[in-house]
Amino acid sequence: MKATRSMVLVSADPESMDRGALDIFTELQKQIRDFGLEEEIALSMVNDISKPGFDPLVLVYPDAVIYGPIKPGDVHQIVEEHLYKGRVVEEKQISAYNFTGRIAWLSARKGTLPAENRVVLKNVGLIDPEDINDYIIHEGYQALGTVLNDLTPEETIAVIKNSGLRGRGGAGFPTGLKWQFVNSAEGDNKYVICNADESEPGTFKDRLVLEGDPHAIIEAMIIAAYAVGADEGIVYIRGEYGLAISRMNKAIDQAREIGLLGINIFDTSFNFDLHVHAGAGAYICGEETALIESIEGNRGEPRSRPPYPTTSGLWKKPTLVNNVETLANVPAIIRNSADWFKSIGTDSSPGTKVFTILGNVNVTGLIEVPMGITLREVISIYAKGMKDGKNFKLAQTGGSSGSIIPSSLQDTPMDFDSFKKAGVSLGSGALLIANDEICVVDLAKVLLNFFRNESCGKCYPCRIAVPRAYNILTNISEGVGTMKDLDVLKTMSEQLVELSHCGLGQTAGSPLKDCLTHFRAEVEAHIKLKVCPAGVCPMSGRRAY
Amino acid sequence: MPVKFKQEQDITSYIQALIDKKGHEKAELIPILHEINAELGYISDDAIKALSEQMKIPTSQIYSVVTFYRMLAHEPRGRHVIQFCESAPCHVAGGRLVLQKLQEELGLTQGETSQDDKWTLITTSCLGICGVGPVMIIDHDIYGNLTPDQVPDILSHYD
């Protein structure tokens, strides 16, 4: 299959639809096929783009050219001149000036399609992860040398702060600020922990970094330890990641052998050592206080906060907990400067993001792209479209604790702030893409089942509401739900957010909320019509609970 | 193959050796439990008792840790343990039908061990191999991109 080189969007707001947007879409489809371009050009309609007086609009990527108002008769010229010959049809073009919202954003991204930009995964697959020399040849441990010889801990923190790096574990907390908190916390011993308990369904980015470039994590942890004043570090890797554990152990041994770990690193007075702690299979241990409990030999139940780990963490000492992907950015930022990092991605979320693409698409896997890319771009360019030409129905972003987003939100830039504004969660970067053969009730059931199994049981809202919500969903999927059930689910989703002790319970309600917000009609069909529109749910008519 | 300890004496000395190797600190509890689980196939009540005496941790606490973590088993398992991922990415990729077929072939539902102690079927949360879902792991062998009709053939490779 050829790679998509261009993307064409047709506005589909009510105004445009009135003025024949659908005809333009079919005409574009026909003309693109006539010119034999169907494999190179992705075509779709977008709900929330419009400019009064110029509808319907046709947008062409990556050139970010906007045409309008377009009649079916203009289509041939646009396809032949612009898409086939590569010449902009100037008389039909309108300026992006005075456009607001999404259009302004879309046109600002001129020419940004479709290259990947690898920072975190730069070495993965290229170097031998079991040979420290290969890492060193590829600029490895250079950043560490710079930090230990030329920078004070405070200057190191300033670089990270200036870069605008935000935690990649899902919450997006500014990394430099976290470092500063630990640096200024009182305590004779401090710890640095790398959170590699990657258990979010659909996420395996950290595994690939650990397996493919373990020394980058070691280097980043030494830098972090120097910056915050820690002398011991722990890499907490989930127990299922056998290869990652053995490679990390090997890398640590190699680094220790040549004096990068231990005492007087780089002939300075700085000492630091590191070991691996293997998890034992519990999703909740990705929560930083539960992770700390687990290292101390206890059940992984989250602690009450405050105090935060930055002041009282492992063994009640100030502790820095950073995600693998966050740390993997650190050596590159030191080597290339904070300004270089800020030049990638969006203003509020600089840098790249590793996304895992999964589900009913042609190509699944891992990509690293600048923050701010849209879901539509991911699906049409990197995932090479929907599998078997089926329709895109929804995406589940950020693993189970993320959001279910409908196709109408697929043009939202994927960065922390834009997603927050749209009320969805970026989470860990998993993008589960589903076609219209997926039933939202069934999907919500799977997600709630996950939370039901993974809830640690410490606090009531999560322990009681999550299984109860699962039962209600099961009844709905059997065709015996009631409309009152939907009110109960809605209340539960709100109360889980307000009353749960930790992030697990707080996000467990989001699939319920998302289903009821975006797919209420489909859920109601299960109740009122006793029909599962996708034909997935059993609908046996028997109460399960 | 898991080693079964017949006498209490054996397990006490085995655990003593383990603690001598790893250390007495509470932080070593989970790493030690990992080793026992790998050696015995599960963590028996005898093992918990011996650990409790030697590490000076109440049995209730060790029990609560053992039952909390998914990778630590408190009940004996079959010779081959099948972990089937039931998280959303594998489900969307068609895992539902593969699990149905697997349950039919084995005559087991999740969490059960077969009468002849050959199979234990466990459904688990995400295993982190989602790029090739649906996924299952039998002992240490990973199977991806599963379809229902591959199931009998895969199972036939284990005795």
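Colleague: How many residues does the hairpin that joins β10(A) to β11(A) pass through?
Modeller: This is a predicted model, in which local features need pLDDT of at least 70, side-chain atom pairs count only at pLDDT 80 or more, and totals for chains, interfaces and linings use all residues. Residues are numbered from 1 along each chain as its sequence is written, while chains are lettered from A and ligands numbered from 1 in the order in which they are written. Strands (E, at least two residues) and helices (H or I, at least four residues) are DSSP runs, numbered from the N terminus. The hairpin between β10(A) and β11(A) is made through 5 residues.

Colleague: In which sense do β10(A) and β11(A) pair, parallel or antiparallel?
Modeller: Strands pair if DSSP finds at least two bridges between them. In β11(A), A:P370 is the bridge partner of A:T352. Over 6 bridges, the sense in which β10(A) and β11(A) pair is antiparallel.

Colleague: How many of the 6 residues of β11(A) are buried?
Modeller: A residue is buried if 20 or more other C-beta atoms, placed from the backbone, lie within 10 Å of its own, exposed if 12 or fewer, and partly exposed in between. Strand β11 of chain A covers residues 365-370 and is mostly covered. Of its 6 residues, the number buried is 5.

Colleague: Why is β14(A) described as largely enclosed by the rest of the structure?
Modeller: β14(A) joins β10(A) in parallel through 4 bridges, with A:T356 opposite A:A430. The strand is largely enclosed because, of its 6 residues, the number buried is 5.

Colleague: Over how many bridges do β12 and β14(A) of chain A pair?
Modeller: β12 spans residues 392-397 of chain A, and its pairing with β14(A) is antiparallel. Within this pairing, A:L394 stands opposite A:A434. The number of bridges is 5.

Colleague: In what order do the 4 strands of the open sheet in chain A stand?
Modeller: The pairing in this open sheet is parallel. β8 (273-278) and β9 (319-323) each have a single partner strand, so one side of each is left without a neighbour in the sheet. The order is β8-β7-β6-β9.

Colleague: Which residue of β8(A) is the bridge partner of A:G233?
Modeller: Strand β7 of chain A, residues 232-237, runs parallel to β8(A) and is joined to it by 6 bridges. In β8(A), the partner of A:G233 is A:L274.

Colleague: Is A:S380 buried or exposed?
Modeller: A:S380 belongs to helix α15 of chain A, residues 375-382. Because A:S380 has 25 C-beta neighbours inside 10 Å, it counts as buried.

Colleague: Which domains does the assignment give for chain B?
Modeller: Domain bounds come from an automatic or database domain assignment. The C-alpha centres of domain 1 of chain B and domain 2 of chain B are separated by 30 Å. The assigned domains are domain 1 (8-68) and domain 2 (80-155).

Colleague: What pattern does chain B follow along the sequence?
Modeller: Chain B has 6 helices and 4 strands. Its C-alpha atoms fill a box of roughly 50 × 30 × 25 Å along the principal axes, and 35% of its 159 residues are buried. Read along the sequence, the pattern is α-α-α-α-β-α-β-β-β-α.

Colleague: Within what arc do the buried residues of α3(B) fall?
Modeller: In helix α3 of chain B, residues 45-55, the buried residues are B:A47, B:I48, B:A50, B:L51 and B:M55. The arc is taken from the directions from the helix axis to the C-beta atoms. Seen down the axis, the buried residues line one face of α3(B), so the arc that holds them is 165 degrees.

Colleague: Which element supplies the largest share of the side of chain A that touches chain B?
Modeller: Two residues are in contact if their C-beta atoms, placed from the backbone, lie within 7 Å. The contact takes 38 residues from chain A and 26 residues from chain B. α12 (288-295), β10 (352-359), β14 (430-435) and α17 (440-454) of chain A each give at least two residues to that side. The largest share, 6 residues, comes from α17(A).
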